[in-house]
Amino acid sequence: MFRYPFSLVCIALILILCFCHPSAIPVKLPSVLGLDKIAHFIMYVGTCSVIWTEYLLRHSRIHYVRTLLFAVIAPIALSGAIEIIQGAMTDFRGADIYDFYANTAGVLTALLVPYGWWLSHKKIGKTKEEK
């Protein structure tokens, strides 16, 4: 469970930020159209990149079913659950399908991490004749 400490910290931060009252956040962001969606995208691309990085540093090969479940499906499901809970159980936050879309885009963009790892290892493993 604690083999991925940075991933757990990132997930905890997402939960805290998504359920704390907006007045509890001391930083006042400028009112820019879409800034909220950019923040959602960055939270999820960052968290899932950390998940992938910790996974790749601890394992010599990718277990596709396990990583698909924990690094793609679980974050998307968590995002959906958070949006539903925000809409149903808080009076200061609402469910927003576009937040869910931004989160999902972040999760899918984070797939570039293992793809980059795969490309770099594919090139390293080639012999001189194959290059």
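Predicted model: local features only at pLDDT ≥ 70, side-chain atom pairs only at ≥ 80, totals over all residues.
Student: Which residues of helix 4 are buried?

Tutor: The cut-off is under 20% relative accessible area. Six positions in helix 4 are listed below it: Asp 99, Ala 102, Asn 103, Thr 104, Gly 106 and Val 107.

Student: What does the C-alpha trace span along its principal axes?

Tutor: The protein chain has 131 residues, and buried residues make up 27% of them. Along the principal axes, its C-alpha trace spans about 65 × 35 × 25 Å.

Student: Of the contacts between residues at least 6 apart in sequence, what percentage join residues at least 24 apart?

Tutor: Start with the contacts in the protein chain between residues at least 6 apart in sequence. Then keep those that join residues at least 24 apart, and the share is 74%.

Student: How far apart are the end C-alpha atoms of helix 3?

Tutor: Helix 3 runs over residues 64-89, which is 26 residues. At 1.5 Å a residue, helix 3 should span 38 Å. The distance in the model agrees with that: 35 Å.

Student: Where does helix 3 bend?

Tutor: The bend is about 35°. A proline, Pro 75, follows within four residues of the bend. The bend itself is at Ile 73.

Student: Which helices are among those covering the buried residues of helix 3?

Tutor: The buried residues of helix 3 include Thr 67, Pro 75, Ile 82 and Gln 86. Their cover includes helix 1 (5-19), helix 2 (35-58) and helix 4 (97-109).

Student: Are helix 3 and helix 4 roughly parallel or roughly antiparallel?

Tutor: Their axes come within 9 Å and cross at roughly 165°. Angles over 145 degrees count as roughly antiparallel. Helix 3 and helix 4 are therefore roughly antiparallel.

Student: Which residues of helix 4 make the contact with helix 3?

Tutor: Helix 3 passes helix 4 in a right-handed crossing. From helix 3, the contributors include Ala 71, Pro 75, Ser 79 and Glu 83. Helix 4 answers with Asp 99, Phe 100, Asn 103, Thr 104, Val 107 and Leu 108.

Student: Is helix 1 roughly parallel or roughly antiparallel to helix 3?

Tutor: Helix 1 and helix 3 pack at an angle of about 20°, with their axes 11 Å apart. Angles under 35 degrees count as roughly parallel. Helix 1 is therefore, relative to helix 3, roughly parallel.

Student: Which residues in helix 3 meet helix 1?

Tutor: This crossing is right-handed. Helix 1 brings Ile 11, Ile 14, Leu 15, Cys 18 and Phe 19. In helix 3 they meet Leu 78, Ile 82, Ile 85 and Gln 86.

Student: Which residues is Ile 25 in contact with, leaving aside its neighbours within four places in sequence?

Tutor: Trp 52 lies 27 residues from Ile 25 in sequence and 28 Å from it in space, C-alpha to C-alpha. With those neighbours left aside, the contacts of Ile 25 are Leu 17, Cys 20 and Arg 93.

Conventions. Residues numbered from 1 in each chain as written. Heavy atoms only, no water. Helix = DSSP H or I, 4+ residues; strand = E, 2+ residues; numbered from the N terminus. Expected span 1.5 Å × (residues − 1). Bend = angle between axes of the 7 residues up to and from the residue. Buried < 20%, exposed > 50% of the residue type's maximum accessible area, 1.4 Å probe, protein only. Contact = heavy atoms within 4.5 Å. Axes fitted to C-alpha atoms, helices over the stretch in contact; angles between N-to-C directions. Parallel < 35°, antiparallel > 145°, perpendicular 65-115°, else oblique. Left-handed = near helix turned anticlockwise from the far one by under 90°.
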